[in-house]
Amino acid sequence: MNLTIIGTGYVGLVTGACFAERGNRVTCVDNDPAKLDVLRAGGVPIYEPGLDHMVARNVDSGLLQFTDDVAAAVDGAQVVMIAVGTPPGEDGSADLTAVLAVARAIGAALTGYAVIVTKSTVPVGTADQVREAVQGALTRDVPFDVVSNPEFLKEGAAVEDFMRPDRVVVGTDSERARDVMSELYEPFSHVREKLIFMGIRESEMTKYAANAMLATKISFMNEIANLCERLGADVEAVRRGIGSDSRIGYSFIYPGIGYGGSCFPKDVKALVRTAKSVDFDAHVLNAVEARNELQKQRLVERIVEHFGDDLSGKTFGVWGLSFKPGTDDMREAPALVIIQGLTALGATVYAYDPVAMGEAKRDLQPLMDAGSVTLAEHQYAAAKGVDALILATEWNIFRQPDFDALKRLMAAPVIFDGRNQYNPERLRRRGFHYVGIGR
Ligand code: UDX
């Protein structure tokens with residue numbers, strides 16, 4: 001099929017590459033010339049395992065193309081996907097400016113029937129606005145349908161998630177569009193049986209409900225962890241105890257330093273706003289967000305309990321900066337909140353991440369200029385001479401470090417484990433002072 005995808009962020013680029021991989025002719029549109037240069041050369045502007053080879057392969061074969069020309073890309077496409085950003089506006093609601101501008105550009109360029117798909121995470125009711133925007137911009141009388149097909153991929157596993165999803169949700173009110181979407185997913189053998197068709201509003205809501213449910217699990221577990229701390233119980237045992245109940249399950253019940261990334265914080269806030277707009281007070285969602293904000297401060301609180309609230313003259317090593325392992329994405333990364341909290345109390349920080357150093361530099365530059373943060377060359381350099389080491393992101397390379405070397409390097413053997421990766425007893429036997437989350 002001929003497919004056009006507008007927006008080459010995480011969702012757009014992964015979607016484009018994966019559809020090209022299954023033999024479709026895909027044109028990806030973006031208005032950022034620097035990004036287009038990288039992509040046309042077969043490169044990838046983000047770190048995502050497996051994506052670089054897939055993009056290069058399909059650019060080489062001519063199935064995947066990149067352009068900044070919306071009109072040319074839309075002309076002749078059977079499916080046009082909107083995958084541009086929906087950043088939070090000042091009040092937390094999703095900002096639809098880019099989505100609706102793209103919808104108008106699509107309308108102005110349509111020359112024949114096309115299915116227009118919203119891939120971006122958009123509030124319930126957006127498809128109606130997209131339909132109006134397209135309709136209003138049409139230059140000739142062309143039929144079209146608007147479909148909601150939200151994306152559930154996780155950063156760091158995006159290609160795998162796309163190729164072998166748990167489900168693909170398609171919201172549509174048109175038989176014709178339903179046929180086109182079935183045909184589009186037909187070559188994905190792992191997807192075919194997992195297509196779930198529903199109404200458009202239900203599909204839009206499914207995306208928010210899924211992210212909000214996962215965020216709720218995390219905030220719930222962080223709350224239980226904080227309670228365990230005060231009651232002298234180890235939340236890790238409790239986690240195993242409840243996760244073994246098949247109704248609860250093990251996933252997304254890992255306590256830590258709060259959820260970050262480009263989806264959970266933004267989507268929970270947007271759903272709270274949507275609720276407000278219909279005079280509904282979303283008590284559970286409010287609490288999920290409030291707990292997460294507090295949780296990002298929790299490790300700093302524990303550090304203050306140990307060192308006092310004047311950290312001047314103290315140095316800390318921070319391992320891991322991205323919001324989770326497997327990505328260089330620093331958006332809403334809890335590590336940033338921790339570093340800001342420590343430096344605000346006078347501390348100096350040595351930070352290291354195996355992949356996100358370039359991204360982190362952008363966020364940390366003011367603190368680097370002020371001399372309170374230094375990016376370390378490698379993980380052990382970040383531990384040299386420090387009063388304590390903080391594990392903020394559970395990358396594999398931090399899982400089994402050389403603890404004897406660490407002990408020799410550090411000014412004092414103190415570890416704050418923001419992801420409960422280490423065995424407290426074993427570390428204590430080795431002479432470390434260990435502080436985890438909820439234990
Ligand atoms: C998420 C959803 O999983 C995905 O379906 C959606 O399309 C986009 O948002 P992503 O943001 O890539 O994906 O990351 P995810 O792996 O879900 O992790 C989100 C955050 O939750 C991370 O900061 C992670 O560290 C944290 N987390 C996750 C926990 O603190 N505990 C857990 O048990 C799981």
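Helices (H or I, at least four residues) and strands (E, at least two) are taken here as DSSP runs, numbered from the N terminus. The model is a predicted one, in which local features need pLDDT of at least 70 and side-chain atom pairs count only at pLDDT 80 or more, while totals for chains, interfaces and linings use all residues. Residues are numbered from 1 along each chain as its sequence is written.

The protein chain is assigned domain 1 (2–198) and domain 2 (256–435), with bounds that come from an automatic or database domain assignment. Between the C-alpha centres of domain 1 and domain 2 there are 34 Å. Their contact takes 13 residues from domain 1 and 15 residues from domain 2, two residues being in contact if their C-beta atoms, placed from the backbone, lie within 7 Å. On the side of domain 1 that touches domain 2, seven residues are nonpolar, four polar and two charged. In this grouping, Ala, Val, Leu, Ile, Met, Phe, Trp, Tyr, Cys and Pro count as nonpolar, Asp, Glu, Lys and Arg as charged, and the others, Gly among them, as polar.

Next comes the ligand. The shell around the ligand draws at least three residues from each of domain 1 and domain 2, and its largest share, three residues, comes from helix α10 (residues 200–231). Of the 19 residues around the ligand, Glu-155, Tyr-254, Tyr-259, Gly-261 and Cys-263 come nearest; a residue is near a molecule if its C-beta atom, placed from the backbone, lies within 6 Å of it. By type, the shell holds 11 nonpolar, four polar and four charged residues.

An unreviewed UniProt entry lists a "binding site" whose residues include Glu-155, Lys-207, Ile-253, Tyr-254, Gly-260 and Lys-324. The annotated residues span 173 residues in sequence, and the farthest two C-alpha atoms are 23.9 Å apart, so they do not all gather at one spot. UniProt annotations may be inferred rather than shown by experiment.

Two of these residues can be followed further. Ile-253 sits in the loop between α11 (235–243) and α12 (264–277), and Gly-260 lies in the loop between α11 and α12 as well. Ile-253 is buried, with 20 other C-beta atoms within 10 Å, the cut-off for buried being 20 or more such atoms, for exposed 12 or fewer, and for partly exposed in between. Gly-260 is buried too, with 24. Leaving aside neighbours within four places in sequence, Ile-253 is in contact with residues including Lys-217, Met-221 and Arg-239, whereas the contacts of Gly-260 include Phe-323, Arg-331 and Glu-332.
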